[in-house]
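Q: I'm new to this one and would like to learn how to read it. Can you walk me through it, feature by feature?

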Amino acid sequence: MLLWAPFAGLMMASAVALMIAHLRSWRTQQAAGLAPAELEFRRRQFRRRMQTSGMLAVIAASLPLGLWILARWPKVGVYFWGGVLVMVLWLAALALADIWATKLYYGKIRYDYRVEQARLEAELRRVQSAQGNGKPSRSFPSIRGKTNGEQSP
């Protein structure tokens, strides 16, 4: 049981440090005056991450307690560790949900920027062709990295 105490203490300290970092980040984002959609994304992200860090703290406290219970009441200890396993699985599910939500959110932003970039490039080509001999400059790259004079296969 003594071998698990430093590990559990390190886990607990890490969980508390993460919770403090999440709280500071959330306060900074609230004060930043973000758009409503981004603020909502950040609020949900904060909630997921605080729940994950809190769950990590509970699991850290469960390590020495679970060993103590298992040594005295083995049947109760089995149920206790089953509950800890459920918490670990929930923690993993929250982590996957956070990864998925972040990927979707930033994927949409990236897509919107690419659409805007294509629109601006088309406008630039239109202006260049209206000003010159009808051929845009070869030094202007398109989205695919080809110059405007190159043709697609």
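This is a predicted model: local features need pLDDT of at least 70, side-chain atom pairs count only at pLDDT 80 or more; totals for chains, interfaces and linings use all residues.

Q: Which residues of α3 are buried?

A: A handy general idea is that an α-helix has 3.6 residues a turn, so residues three or four places apart point the same way. Here, the buried residues of α3 are G77, V84, L91, L94, D98, A101, Y105 and E121.

Q: How many residues does helix α3 have, and how far does it reach?

A: Helix α3 runs over residues 74-131, which is 58 residues. From first C-alpha to last it reaches 85 Å, close to the 86 Å expected at 1.5 Å a residue.

Q: What makes up the largest nonpolar core?

A: In soluble globular proteins, nonpolar side chains tend to be buried together. In this model, the largest nonpolar core has 7 residues: A8, M11, M55, I59, A60, L63 and L91. Two elements, α1 (4-31) and α2, each give two or more residues to this core. The largest share, 4 residues, comes from α2.

Q: What is A8 in contact with, leaving aside its neighbours within four places in sequence?

A: A8 is in contact with A60, L63 and P64.

Q: Which residues make the nonpolar surface patch?

A: L65, W68, W73 and V76 make it, and it covers about 390 Å². One of them, W68, lies in helix α2, residues 36-72.

Definitions and conventions
Residues are numbered from 1 along each chain as its sequence is written. Side-chain values use heavy atoms; hydrogens and water are left out. Patches are made of residues with over 30% relative accessible area and no salt bridge: like charges are joined within 9 Å, nonpolar side chains (Val, Leu, Ile, Met, Phe, Trp, Tyr) within 5 Å. Accessible areas come from the Shrake-Rupley method with a 1.4 Å probe; for residues, only the protein chains shown count as cover. A salt bridge is a side-chain nitrogen of Lys or Arg within 4 Å of a carboxyl oxygen of Asp or Glu. A nonpolar core is a set of buried Ala, Val, Leu, Ile, Met, Phe, Trp, Tyr and Cys residues joined through side-chain atoms within 4.5 Å. Buried means under 20% relative accessible area, exposed over 50%, partly exposed in between (1.4 Å probe, protein chains only). Contact means heavy atoms within 4.5 Å. The expected span of a helix is 1.5 Å times one less than its number of residues.
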